[in-house]
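This report describes selected local features of a protein chain.

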Amino acid sequence: QVQLVESGGGLVQAGGSLRLSCAASGSILSINTMGWYRQAPGKQRELVADITSGGSTNYADSVKGRFTISRDNAKSTVYLEMNSLKPEDTAVYYCNADVLSIWYGTHDYWGQGTQVTVSS
């Protein structure tokens, strides 16, 4: 089994910063792409940013220049540094990882979600 555990969400004022972390654990052979998604109330889940095992990154237009995704392959951890936060960034943020595990082959895994609330 593979688990993704997120941390770092919270309440922040507009213009502030937060850093999210997501650590993968379990019977992992390798992790391909890792990413962050978010879902605001009444909206569909959307990609925020993702990063390949080689370090190539991809960002949603709405966060370019404000958010930075990174990963530590040795720790199986992905980070999301969020700066200049806006009220519209308020959402539950989910970690996602494409994992090759010992017993289950390649599967997409999700974290439990962490709430980010940006007050105006």
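The model is predicted: local features need pLDDT of at least 70 and side-chain atom pairs pLDDT 80 or more, while totals for chains, interfaces and linings use all residues. Residue numbers start from 1 along each chain as its sequence is written, and side-chain values use heavy atoms, leaving out hydrogens and water.

Ile-102 lies in the loop between strand 9 (91-101) and strand 10 (105-110); strands (E, at least two residues) are DSSP runs numbered from the N terminus.

## The disulfide

One disulfide is counted, defined as a pair of cysteine sulfur atoms within 2.5 Å. Cys-22 is joined to Cys-95, with an S to S distance of 2.1 Å. The two cysteines are 73 residues apart and link distant parts of the chain, Cys-22 being in strand 3 (residues 18-26) and Cys-95 in strand 9.

The torsion about the S-S bond of Cys-22 and Cys-95 is about -80°, so this disulfide is left-handed. Cys-22 is buried at a relative accessible area of 0%, and Cys-95 is buried, also with 0%.

## Thr-33

Thr-33 belongs to strand 4 (residues 28-39) and is partly exposed because its relative accessibility is 29%. Its contacts (heavy atoms within 4.5 Å), not counting residues up to four places away in sequence, include Asp-50, Arg-71 and Asn-96.

Notes
Helices (H or I, at least four residues) and strands (E, at least two) are DSSP runs, numbered from the N terminus. Buried means under 20% relative accessible area, exposed over 50%, partly exposed in between (1.4 Å probe, protein chains only).
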